[in-house]
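I opened this notebook to record what I looked up, entry by entry.

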Amino acid sequence: MAVSPVYKQGWTMDDVHWELFDPQKVDPAMLAAVKAAALVEYNAPDYVSYLKRIFHDSGPATLAAIEQWGEEESQHGRALGRWAEMADPDFKLEDAFIRFRKGYTPAHFQDTGAESVRGSRRGEMIARCVVESGTSSYYSAIRDATEEPVLQEIAGRIAADEYRHYKLFYDTLHAQAEPDLGFWKKLWIAVSRVRESDDDELAYAFYCANVPPEKETITPYKRSKYSKLSTSASMTIYHRKHIQKLVQMVVKVIGADPHGWLANTAEALLWRRLQAKVA
Ligand SMILES: [Fe+2]
Ligand SMILES: [Fe+2]
């Protein structure tokens, strides 16, 4: 069995072995999913400003960590975008991103308040950990599913970054002076963040990344349609071990046993739901 290389923090675009790109090994469904992921990742600067407002008085180390996090997320977007441009010369990351930005801005990014939409800093960190758990398992699944060497490398590098992001937000969660949240509150925040994955962000990114501007009039955006397409383009790549890891990471954040009944039940339910979606 091949052993995955260990990818350290702080890699740059120049570290990627672009010369190994093999167009024969590009899978069209995977390409469509990667284009959409590139747009979502590239949109990180808005999230950096939002998090910096929430943690404005948390000291320079926390603010620097948020900045660093945002730079890594943007680089994920650039790396995935460049790979997609190599695989499909008609795709242009910057152009697709402009369209995505025009049509998608969540309300909490327009606010200027210092209050998290999750109600507290701890709530915000739980929601962030859920997202990082999701991205960490998603890119691990891409790394394991693709046969294209450059995508394997990029997805491996990104998955390692996302896992470090999870740890950063997990530590930040526990460093808060705020009182701990009750178990049900934590569970509610985690579940609502998981449910938001069905919202416009992914569906609209999938649309902007895969429907060229000249086809917008004849192929208008429909949330349910593109949400479905986006799901089916990416869900088939998961293996049960990725889902298991994802659930364990989320369950740990809400303070439950990652190997206990909650984790086992949630993992079985999620796996069944996923199987139903790709059927
Ligand atoms: Fe990322
Ligand atoms: Fe991340």
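Is Glu162 buried or exposed? I looked up its relative accessibility in this predicted model: the value is 0%, so Glu162 counts as buried, the cut-off being under 20%.

**Entry: metal site.** I listed the donors of the iron ion (ligand 2) and found Glu73 (OE), Glu132 (OE), Glu162 (OE) and His165 (ND1), at 1.9 to 2.2 Å. I then checked the angles among the four donor atoms; they run from 94 to 133°, and the site is tetrahedral. For reference, I noted that the ideal angle for four tetrahedral donors is 109.5 degrees. Along the chain, I read the donor spacing as E-x58-E-x29-E-x2-H.

**Entry: bridging residue.** I found that Glu73 bridges the iron ion (ligand 2) and the iron ion (ligand 1), which lie 3.7 Å apart. I placed Glu73 in helix α3 (residues 60-87) and Glu162 in helix α7 (residues 149-174); the two are 89 residues apart, and the pair links distant parts of the chain. Glu73 has a relative accessible area of 5% and is therefore buried.

**Entry: overall fold.** I counted 12 helices and zero strands in the protein. The C-alpha trace spans about 55 × 45 × 40 Å along its principal axes.

**Entry: packing and surface.** I noted that buried residues make up 49% of the 279 residues. Among contacts between residues at least 6 apart in sequence, 80% join residues at least 24 apart. The protein exposes about 14100 Å², of which carbon and sulfur atoms supply 56%.

Conventions: Residues numbered from 1 in each chain as written. Chains lettered and ligands numbered in written order. Predicted model: local features only at pLDDT ≥ 70, side-chain atom pairs only at ≥ 80, totals over all residues. Heavy atoms only, no water. Donors = N, O, S within 2.8 Å, 3.2 Å for Na, K, Ca; no water. Tetrahedral: all angles 85-135°; square planar, octahedral: opposite > 155°, others 65-115°. Helix = DSSP H or I, 4+ residues; strand = E, 2+ residues; numbered from the N terminus. Buried < 20%, exposed > 50% of the residue type's maximum accessible area, 1.4 Å probe, protein only. Contact = heavy atoms within 4.5 Å. Areas by Shrake-Rupley, 256 points an atom, 1.4 Å probe, with all protein chains shown as cover.
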